[in-house]
Amino acid sequence: MNIEEYYRMLDLTNRRIRETDFSTERFLINKIDWRDRLICISGARGSGKTTLLLQHIKKAFNKNLDSVLYASLDNLWFEKNSLMELADIHYHNGGTYIFLDEVHYLKDWQIIIKNLYDNYPKLNIVYTGSSLLKISYESGDLSRRQIQYTLPGLSFREYLYFENVTDTPALKLCDLLENHKMIAEDITKDITILKHFREYLVRGYYPFYKEVYAGYGDRLAQITNQILESDYPSVEAINYSSIHKIKKMLYILAQSCPQVPKMTNLYDQLETDRNQGLKMLYTLERAKLLSVLSSEKSTLKNMARPDKIYCDNTNLMYSLTENINTGTKRETFFLNQLRSAGYEVFYPPTGDFIVDKKYLFEIGGKDKSFNQIKDIPDSFLAIDDVEIGRGNKIPLWMFGLLY
């Protein structure tokens, strides 16, 4: 590689940074300690990882862009050019930071990043990858060297900020449960919150909603295909037949969410066995297309029959099926927002969800009663179609304020 190629990549970096929108930032940008030498940011396609990287570069290195190199590894340029050579030239020309996007498209990426980390001790490396990535404890052994972050889609709180409706701080679950009435009264005094909530459930989870209007559902369908046809094969060695089966599984399950079909019947439809079927199910969950709910932490041993299977988020529901069940939509929103905020959610013997093995929740409309979970400590109703709650009845929309 010659120096002209390096400068061409540097010019490309500068152009991408100059054209980056700086008006709205994701919550994670201020939670990352950018001083760490090796940082991994994973997340579903469309969650905004690239924009987050470019915004940080623009914010932190605006007066010293030559020290920074940004490169997207899905660029055809890397078919004929070496990342190691590019990084070496950057390092010897005073470069101190390299930001690598879509790293899962790079063959042997873990080994290459480990070598960059070990061989260039003054080089800081930040990389993004698909949520499908498995950070191996063997190949490259990055687990001991790096700090890992996950970027989910927009919370309802972030959506309100992106829409210039209100900018309210993220809440801890315990504070929400204790002070929800006062918080809701403060937020809703000047805005019609339920109108924005209904819009968010249909189109608001993925940041690109601001760029796509009538074609939002089509864009989601395209992203789903990209994940399964492009991202998945870049992470694991699979053939076309496997991709076809996993796409078929996704659409079968999306039509029946959250009811779980008999798994043996599903495997028969897919012409596969239990082990392969479970692997496919796990893949769809890692890809942030489905969300599996079980009474205990999921492993290949205990997932013979998950208790419930949901679409990952409500926007995806509208993309994958025309039959939107109101109750399923409510439960999907609750599960997505709690898990995205970092809480553990399991299927309880009674009620809909148990959070962090302590808080029991039943999800429903404004006429929902406590009959199913009465007399159980730390039990709550998450109620749709109400702006302000009372006691242990909490508006459903408020669970979108947790990150």
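**From one residue to the whole chain**

Modeller: We may start with N124, which lies in strand β4, a strand covering residues 124-130. Please bear in mind that the model is predicted.

Biologist: Is N124 buried or exposed?

Modeller: Buried means under 20% relative accessible area. N124 has a relative accessible area of 12%, so it is classed as buried.

Biologist: Which residues does N124 touch, leaving aside those up to four places away in sequence?

Modeller: A contact requires heavy atoms within 4.5 Å. On that basis N124 touches W34, R35, D36 and R37, and also T96, Y97 and I98.

Biologist: How many helices and strands does the protein chain have?

Modeller: Its secondary structure comes to 13 helices and twelve strands. The radius of gyration is 22 Å, close to the 22 Å that the globule rule gives for 403 residues, so the protein chain is as compact as a globular protein of that length. The C-alpha trace spans about 70 × 55 × 40 Å along its principal axes.

Biologist: What share of the residues counts as buried?

Modeller: Of the 403 residues, 54% count as buried. The accessible surface of the protein chain comes to about 18,800 Å², and carbon and sulfur atoms account for 46% of that area.

Biologist: What can be said of contacts and charges across the protein chain?

Modeller: Among contacts between residues at least 6 apart in sequence, 67% join residues at least 24 apart. As for charge, the protein chain has 51 positive and 52 negative side chains, and the centres of the two sets lie 2 Å apart.

Technical notes. Residues are numbered from 1 along each chain as its sequence is written. This is a predicted model: local features need pLDDT of at least 70, side-chain atom pairs count only at pLDDT 80 or more; totals for chains, interfaces and linings use all residues. Side-chain values use heavy atoms; hydrogens and water are left out. Helices (H or I, at least four residues) and strands (E, at least two) are DSSP runs, numbered from the N terminus. The radius of gyration is taken over C-alpha atoms; the globule rule is 2.2 Å times the number of residues to the power 0.38. Buried means under 20% relative accessible area, exposed over 50%, partly exposed in between (1.4 Å probe, protein chains only). Accessible areas come from the Shrake-Rupley method with a 1.4 Å probe; for residues, only the protein chains shown count as cover. Lys and Arg count as positive and Asp and Glu as negative; His and the chain ends are not counted. The place of a charge is taken as NZ of Lys, CZ of Arg, CG of Asp or CD of Glu.
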